[in-house]
Amino acid sequence: MEAATVVIRPYRTDDAPHMAQLYYDAVHGLGRREYSAAQTAAWAPAPLQPIDVLTRAADGRTTFVAADAEDRAVAYVDLEADGHVDHLYCHPDFAGQGVASRLLETVIQHAAEQGIAALYVEASELARPVFERHGFAVTARRDFEVRGVPIHNYAMRRDLA
Ligand SMILES: CC(C)(COP(=O)(O)OP(=O)(O)OC[C@H]1O[C@@H](n2cnc3c(N)ncnc32)[C@H](O)[C@@H]1OP(=O)(O)O)[C@@H](O)C(=O)NCCC(=O)NCCS
């Protein structure tokens, strides 16, 4: 799909159903490029429930959405008050066109405006190069288990000062 029409805007509660589904579609459509079927199944066994998205988004974090021409969420990122970048997910139909990159630029600018001193994230193999292009550096590889399945990601950090 054409990402040129995608607009970055603040999250709204009516984004929740689209975000719940795109989370699952991103893991299974893109995650399999770097992770096994067992790993992606453990990562996202099923789409999120909209209530899960609503609950997370209401806990004080700031969420930005990339919306398509019909104003449907096709990607999102969220930032917690302490500088932790939590979710960054892009629907496969819009991948590889810089949408996540634009979301990350928005988060970095917002965090700087809020006076947050540093950003940190646990980035997947897919997300690592996107964060690296935006000044994040790997501080550690993290090997752990999700639902009994071994998986890994990378702790990354970027100072904003
Ligand atoms: C990680 C993820 C969010 C990246 O989303 P994305 O929108 O495809 O990311 P971008 O388009 O900004 O960057 C991805 C690639 O597109 C390329 N790209 C960037 N802008 C581009 C443009 N305008 N035109 C074409 N390609 C472009 C980038 O160079 C990058 O290439 P690389 O893979 O060789 O590094 C997505 O892969 C995803 O949802 N993965 C599954 C879930 C996941 O891993 N989430 C992260 C958890 S921490």
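**Figure 1. Arg-61 and Asp-86 pair up in a salt bridge, with 2.7 Å from N to O.** Arg-61 sits in the loop between α3 (50-57) and β2 (62-67) while Asp-86 belongs to strand β4, so the pair ties together parts that are 25 residues apart in sequence. Helices (H or I, at least four residues) and strands (E, at least two) are DSSP runs, numbered from the N terminus. Here a salt bridge takes a side-chain nitrogen of Lys or Arg within 4 Å of a carboxyl oxygen of Asp or Glu. Arg-61 is buried, at 11% relative accessible area, and Asp-86 is partly exposed at 27%. Those words have cut-offs: buried is under 20% relative accessible area, exposed is over 50%, and partly exposed is in between (1.4 Å probe, protein chains only).

A word on what you're looking at: this is a predicted model, where local features need pLDDT of at least 70 and side-chain atom pairs count only at pLDDT 80 or more, while totals for chains, interfaces and linings use all residues. Residues are numbered from 1 along each chain as its sequence is written, and side-chain values use heavy atoms, with hydrogens and water left out.

**Figure 2. Arg-72 reaches Glu-70 in another salt bridge, with the closest N and O atoms 3.2 Å apart.** Arg-72 is partly exposed at 35% relative accessibility, whereas Glu-70 is exposed at 55%. Elsewhere, salt bridges with shared partners link Arg-56, Asp-59, Arg-61, Asp-78, Glu-80 and Asp-86 into one network. Arg-12 and Asp-14 also bring their side chains together in a salt bridge, at 3.0 Å from N to O. Both count as partly exposed, Arg-12 at 33% and Asp-14 at 46%. In total, the structure holds 15 salt bridges.

**Figure 3. His-84, in strand β4, has side-chain contacts with two glutamates.** Another, of 2.8 Å, joins His-84 to the side chain of Glu-122. A polar contact means a pair of N or O atoms within 3.5 Å; within protein, one must be able to donate a hydrogen and the other to accept it, and residues adjacent in sequence count only if both atoms are side-chain atoms. His-84 itself is buried, at 10% relative accessibility.

**Figure 4. Arg-9 sits in strand β1 (residues 7-10).** Its side chain makes a polar contact of 2.8 Å with the side chain of Asp-15. Arg-9 is buried, with a relative accessible area of 12%.

**Figure 5. The largest pocket has a volume of about 880 Å³.** Of its 37 lining residues, Trp-43, Leu-88, Ser-124, Leu-126 and Ala-127 are the closest to the centre. Rolling a probe the size of a water molecule over the atoms shows where empty space is left. On a 1 Å grid over the protein atoms alone, where a 1.4 Å probe fits, a pocket is an open set of points with protein on both sides within 12 Å along at least five of seven lines, and lining residues have an atom within 4 Å of a point. The volume is the space filled by probe spheres set on the points. Strand β4 gives the largest share of the lining, 7 residues. Other elements supply at least two residues each, including α1 (16-29), α4 (99-113) and β7 (149-159). By type, the lining has 23 nonpolar, 10 polar and 4 charged residues. Nonpolar covers Ala, Val, Leu, Ile, Met, Phe, Trp, Tyr, Cys and Pro; charged covers Asp, Glu, Lys and Arg; the others, Gly among them, are polar.

**Figure 6. The ligand has 21 residues around it, with Leu-88, Cys-90, Gly-96, Gly-98 and Ser-124 coming nearest.** To be near, a residue needs a heavy atom within 4 Å of the molecule. A polar backbone atom of Leu-88 is 2.8 Å from a ligand nitrogen. Backbone N or O atoms also lie by ligand oxygen atoms, at 2.9 Å for Cys-90 and 3.0 Å for Ala-100.

**Figure 7. Asp-71 and Arg-147 have positive phi values.** Most residues other than glycine have a negative phi. Asp-71 has a phi near 65°, in the loop between β2 and β3 (73-79), and is partly exposed at 33%. Arg-147 has a phi of about 50°, in the loop between β6 and β7, and is exposed at 60%.
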